Amino acid sequence: MNLGPGKEFDRIRGILARIAEISGGAGDGADRGDEVSDLGDDCALLPLGSTTLALSIDTAPENVHFRTDWLDFKEIGFRAAGAALSDMAAEGATPLGLMVSLGAPPNPNADTDPAADIMAGVATMAHNLHARVLGGDLTRSDKYVVDVCAIGTAERPVRRSGAHEGDALWVTGYLGGAALALQRFREGQRMPAALRNRYASPEPRIEAGRWLAGHGASAMIDISDGLVADAQHLAAASEVGIEINLEQIPCWEDIAALAAAASGEEFELLCTMPPTFGDANASAFRAETGVHLSRIGTCLRGAGGRRGGVRLLDRSQPVPLPAGYDHFA
């Protein structure tokens with residue numbers, strides 16, 4: 001599967017190439033393509049009889065994805081679980097449970113244990129989505145590391161690679177709040193609870209993802225690196241071009257559209273729908289899920305994995321693409 005640009009994804013391309021070398025050496029040439037062709041999407045899919053098992057994994061290390069002076073330990077677990085489950089939402093899957101590998105420093109306080117609080121947050125997120133904690137592992141670590149594996153099933157899995165020329169680009173929710181909350185945390189400023197929760201307590205769009213999958217979504221991805229950055233991954237995987245209209249991006253209050261387009265860890269869903277999906281369908285989506293849905297662009301022919309695969313337009317005039325989050329930039 002083609003990936004979008006960035007140093008993080010250059011490294012992933014190198015990793016996939018090494019896996020392909022080993023897979024190719026173990027059997028004939030057909031084995032090599034079969035074993036690596038689906039790598040790079042939000043979830044791994046394993047057909048099991050009449051069921052398709054969906055699996056996703058997400059790592060949250062301290063001082064990269066969270067800070068203990070910003071969030072309490074239960075929030076840290078809740079947020080880490082939400083990030084993993086957001087990948088399930090992007091597949092249109094239903095979560096069954098979570099497994100967690102937890103790295104934690106020694107605990108000098110016998111009365112309270114941050115590891116237990118982190119897992120309470122994980123369990124709360126699972127319970128909210130009618131799933132459960134299935135098990136895990138605990139190890140000593142200099143810093144906290146929360147590694148969450150989500151397991152679920154998908155009746156109609158939606159990959160990143162199914163968009164077609166003429167499909168419309170839609171996004172759930174309102175964007176930019178996560179980046180604004182992060183800025184407030186860094187500046188040590190107080191903020192309204194709703195804004196703080198955009199960073200501290202993300203809500204994976206499980207119900208929304210299932211609804212979109214059941215109503216014809218051709219491709220879908222969750223917004224973790226930023227709207228434009230993740231649109232580039234969807235464009236590369238589907239081998240289409242994408243145009244996004246800046247003025248149509250749904251923005252969090254007091255957020256400029258360009259900032260909303262760059263904001264990462266929103267955990268909203270970006271999807272492509274057939275041309276027949278229109279405003280009446282979007283209204284039905286809002287009525288059934290309680291989540292806003294906005295059309296923000298169109299899929300065009302070609303352009304593939306190049307940076308030119310996504311164009312950002314401000315009232316029909318091209319504007320430079322904002323950089324998304326890249327772990328190795």
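I began with R205, which is buried at 15% relative accessibility (buried means under 20% relative accessible area, exposed over 50% and partly exposed in between, with a 1.4 Å probe and protein chains only). The model is a predicted one, in which local features need pLDDT of at least 70 and side-chain atom pairs count only at pLDDT 80 or more, while totals for chains, interfaces and linings use all residues. Residues are numbered from 1 along each chain as its sequence is written, and side-chain values use heavy atoms, with hydrogens and water left out.

**Salt bridges**

I looked up the partner of R205 and found a salt bridge with E203, the closest N and O atoms being 4.0 Å apart (the criterion is a side-chain nitrogen of Lys or Arg within 4 Å of a carboxyl oxygen of Asp or Glu). E203 is exposed, at a relative accessible area of 56%. Through shared partners, salt bridges join R198, E203, R205, E266 and E268 into one network.

How many salt bridges does the structure hold? I noted 14.

One of them pairs the side chains of R159 and D41, at 3.6 Å from N to O. R159 sits in the loop between β5 (145–153) and β6 (168–172) and D41 in the loop between α2 (29–36) and β1 (44–48), so this pair ties together parts 118 residues apart in sequence. Helices (H or I, at least four residues) and strands (E, at least two) are DSSP runs, numbered from the N terminus. I checked burial for both partners: R159 is buried at 16%, and D41 is buried at 11%.

I then took E75 and R196, whose side chains meet in a salt bridge at 2.6 Å, N to O. This pair links distant parts of the chain, with E75 in helix α3 (residues 73–91) and R196 in helix α6 (residues 193–200), 121 residues apart. E75 is buried, with a relative accessible area of 15%, whereas R196 is partly exposed at 22%.

**D222**

D222 belongs to strand β7 (residues 219–222). Which side chain of opposite charge is nearest to D222? It is R160, 5.5 Å away, and D222 is buried without a salt bridge (Lys and Arg count as positive, Asp and Glu as negative; His and the chain ends are not counted).

I did find a polar contact of 2.8 Å between the side chains of D222 and S86 (N or O atoms within 3.5 Å, where within protein one must be able to donate a hydrogen and the other to accept it, and residues adjacent in sequence count only if both atoms are side-chain atoms). Leaving out residues up to four places away in sequence, D222 touches D42, S86, D87, A90, D230, F267, E268 and L269 (heavy atoms within 4.5 Å).

**Helix α7 and positive phi**

I listed the buried residues of helix α7 (residues 206–214) as I206, A208, G209, W211, L212 and A213. G216 follows α7 and has a positive phi, near 100°.

I also recorded positive phi values in residues other than glycine. E239 has phi near 55° and is in the loop between α8 (227–238) and β8 (240–245). E239 is exposed at 52%. D254 has phi near 70° and lies in the loop between β8 and α9 (257–262). D254 is exposed at 73%.
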